[in-house]
Structures are given as structure tokens and as C-alpha cells.
Amino acid sequence: MFRRTIARRIAALAEAAELGPGYSGRVGMAIRMTREGAPNAVVMRQGRWETPEMVARYTRSEAAGEALKYL
């Protein structure tokens, strides 16, 4: 299967699930892995990101949610 075909299918499923516009499979994967406590290096490797800053950028809403537990 080609990457574009997979991307279109993910987009169609995300739309059907009402996940909101701009849903990305890689971002969704990073968020889910972060929620489950995956090490940053594992998320980086899976998402093909070269820097931890990219993981932080895509999972920033998770960090904000975690901080709320302590407020």
C-alpha cells in the first residue's frame, strides 16, 4: 500500500470518528504513546523525528493536561 493511500484512509477514519480537522496519524500516535508513558526516544523513533523538541511540540497538550493534575 502506498503512503498516500494510507494517509487518505487515516484521514477518512479520523473524520468519521469526529477527531477534528488536521488530525495526523503521527501526531495521534505520539499523543497516545505519551499517554501510555512511552520513553521519548521510542516516540521519536516511531514518529521518525530527529529531535525531542518535535515530540514536545506535538504532545504539548498532553503536558498541559498532566500539569493540571497538580494545580
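1. A quick definition to start: contact here means heavy atoms within 4.5 Å. You are looking at a predicted model, in which local features need pLDDT of at least 70, side-chain atom pairs count only at pLDDT 80 or more, and totals for chains, interfaces and linings use all residues. Residues are numbered from 1 along each chain as its sequence is written, and side-chain values use heavy atoms, with hydrogens and water left out.

2. Let us begin with the overall layout. The chain has 5 helices and 0 strands, where helices (H or I, at least four residues) and strands (E, at least two) are DSSP runs numbered from the N terminus. Along the sequence this reads as α-α-α-α-α. Of the 71 residues in the chain, 18% are buried; buried means under 20% relative accessible area, exposed over 50%, and partly exposed in between (1.4 Å probe, protein chains only). Among contacts between residues at least 6 apart in sequence, 24% join residues at least 24 apart.

3. Next, the core. Which residues make up the largest nonpolar core? Its 7 residues are Met29, Ala30, Met33, Val43, Met44, Trp49 and Val55. A nonpolar core is a set of buried Ala, Val, Leu, Ile, Met, Phe, Trp, Tyr and Cys residues joined through side-chain atoms within 4.5 Å. Helix H2 (25-35) and helix H3 (40-47) are the elements that give two or more residues to this core, and H2 provides the largest share, with 3 residues.

4. Now for H2 and its partner. The buried residues of H2 are Gly28, Met29, Ala30, Ile31 and Met33. The axes of H2 and H3 come within 10 Å and cross at roughly 160°; these axes are lines fitted to C-alpha atoms, for helices over the stretch in contact, and angles run from 0 to 180 degrees between N-to-C directions. H2 and H3 are therefore roughly antiparallel to each other (angles under 35 degrees count as roughly parallel, over 145 as roughly antiparallel, 65 to 115 as roughly perpendicular and the rest as oblique). From H2, Arg26, Met29, Ala30, Met33 and Thr34 meet Val42, Val43, Gln46 and Gly47 of H3.

5. Val43 is worth a visit. Leaving aside neighbours within four places in sequence, Val43 is in contact with Ala30, Met33, Thr34, Ala38, Trp49 and Val55. Val43 and Val55 are 12 residues apart in sequence, and their C-alpha atoms are 7.2 Å apart in space. Met44, another member of the core, touches Trp49, Glu50, Thr51, Pro52 and Val55, not counting residues up to four places away in sequence.

6. Thr59 sits in the loop between helix H4 (52-58) and helix H5 (60-68). Thr59 is buried, with a relative accessible area of 8%. A polar atom of the Thr59 side chain lies 2.7 Å from the backbone oxygen of Val55, a polar contact (a pair of N or O atoms within 3.5 Å; within protein, one must be able to donate a hydrogen and the other to accept it, and residues adjacent in sequence count only if both atoms are side-chain atoms). Beyond four places in sequence, Thr59 is in contact with Ala30, Ile31 and Thr34.

7. Finally, two backbone details. Most residues other than glycine have a negative phi. Arg48 has a positive phi of about 60° although it is not a glycine. Arg48 lies in the loop between H3 and H4 and is exposed, with a relative accessible area of 53%. Gly37, which follows H2, has a positive phi near 85°.
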